[in-house]
Amino acid sequence: MTMETQSYDFINPDHYKSSTKEVWEMMVDIWGVDAFISHCEMCAFKYRQRLGNKPDQPIERDLEKARWYERKAKELRSNENRN
């Protein structure tokens with residue numbers, strides 16, 4: 001793994017944050033929080049299903065992506081329950 005690859009954020013890269021809002025925030029604005037929670041759950045499922053199937057890719061990378069989606073869904077559910 002190169003030094004450049006080691007410092008790259010594969011979970012939340014800069015190109016996801018190149019606007020005034022992050023991509024996930026725009027998705028919530030367009031499709032709503034419930035749809036985005038479903039999207040998170042499906043993405044987490046997808047990443048967990050293909051763990052270890054990408055050539056030359058560490059399993060931990062997909063696992064971290066799955067965890068990000070799971071945490072985001074949980075966070076948004078918690079926020080909905082407070083309102």
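Author: This is a predicted model. Its largest nonpolar core has 12 residues: Trp24, Phe36, Ile37, Cys40, Cys43, Ala44, Tyr47, Ala66, Trp68, Tyr69, Ala73 and Leu76.

Reader: Which helix gives the most to this core?

Author: Helices H3 (33-49) and H4 (59-82) each supply at least two residues of the core. The top contribution is six residues, and the helix that gives them is H3.

Reader: Which residues does leucine 76 touch, leaving out those up to four places away in sequence?

Author: Leucine 76 is one of the core residues. In general, nonpolar side chains in soluble globular proteins tend to be buried together. With residues up to four places away left out, the contacts of leucine 76 are Trp24, Val33, Phe36 and Ile37.

Reader: Is cysteine 40 buried or exposed?

Author: Buried means under 20% relative accessible area. Cysteine 43 has 9% and counts as buried. Cysteine 40 has 0% relative accessibility, so cysteine 40 counts as buried.

Reader: Now the surface. Which residues make the nonpolar surface patch of about 400 Å²?

Author: Take tryptophan 31, in helix H2 (residues 23-31). Tryptophan 31 counts as exposed because its relative accessibility is 56%. The residues that make the patch are Val23, Met26, Ile30 and Trp31.

Reader: What is the phi of aspartate 56 near?

Author: Aspartate 56 lies in the loop between H3 and H4. It is exposed, with a relative accessible area of 79%. Most residues other than glycine have a negative phi. Aspartate 56 has a positive value, near 60°.

Reader: Aspartate 62 is in helix H4. Is aspartate 62 buried or exposed?

Author: Leaving out residues up to four places away in sequence, aspartate 62 touches Tyr47, Arg50, Leu51 and Lys54. Its relative accessible area is 4%, so aspartate 62 is buried.

Reader: On to charges. How far apart are the closest N and O atoms of arginine 67 and glutamate 64?

Author: Arginine 67 and glutamate 64 both lie in helix H4, three residues apart, about one turn of the helix. Glutamate 64 is partly exposed at 26% relative accessible area, and arginine 67 is partly exposed at 29%. They form a salt bridge, with the closest N and O atoms apart by 2.8 Å.

Reader: Which residues do salt bridges that share partners join into one network?

Author: Side chains of opposite charge can pair when their charged atoms come close. The salt-bridge count comes to eight. Salt bridges that share partners join into one network Arg50, Lys54 and Asp62.

Reader: Which residue forms a salt bridge with arginine 67 at 3.1 Å?

Author: A salt bridge needs the nitrogen and oxygen within 4 Å. With the closest N and O atoms 3.1 Å apart, the partner is glutamate 60.

Reader: What is the N to O distance between aspartate 29 and lysine 21?

Author: Lysine 21 is partly exposed, with a relative accessible area of 36%. The side chains of lysine 21 and aspartate 29 meet in a salt bridge, N to O, at 2.2 Å.

Note on methods
Residues are numbered from 1 along each chain as its sequence is written. This is a predicted model: local features need pLDDT of at least 70, side-chain atom pairs count only at pLDDT 80 or more; totals for chains, interfaces and linings use all residues. Side-chain values use heavy atoms; hydrogens and water are left out. Patches are made of residues with over 30% relative accessible area and no salt bridge: like charges are joined within 9 Å, nonpolar side chains (Val, Leu, Ile, Met, Phe, Trp, Tyr) within 5 Å. Accessible areas come from the Shrake-Rupley method with a 1.4 Å probe; for residues, only the protein chains shown count as cover. Helices (H or I, at least four residues) and strands (E, at least two) are DSSP runs, numbered from the N terminus. Buried means under 20% relative accessible area, exposed over 50%, partly exposed in between (1.4 Å probe, protein chains only). A nonpolar core is a set of buried Ala, Val, Leu, Ile, Met, Phe, Trp, Tyr and Cys residues joined through side-chain atoms within 4.5 Å. Contact means heavy atoms within 4.5 Å.
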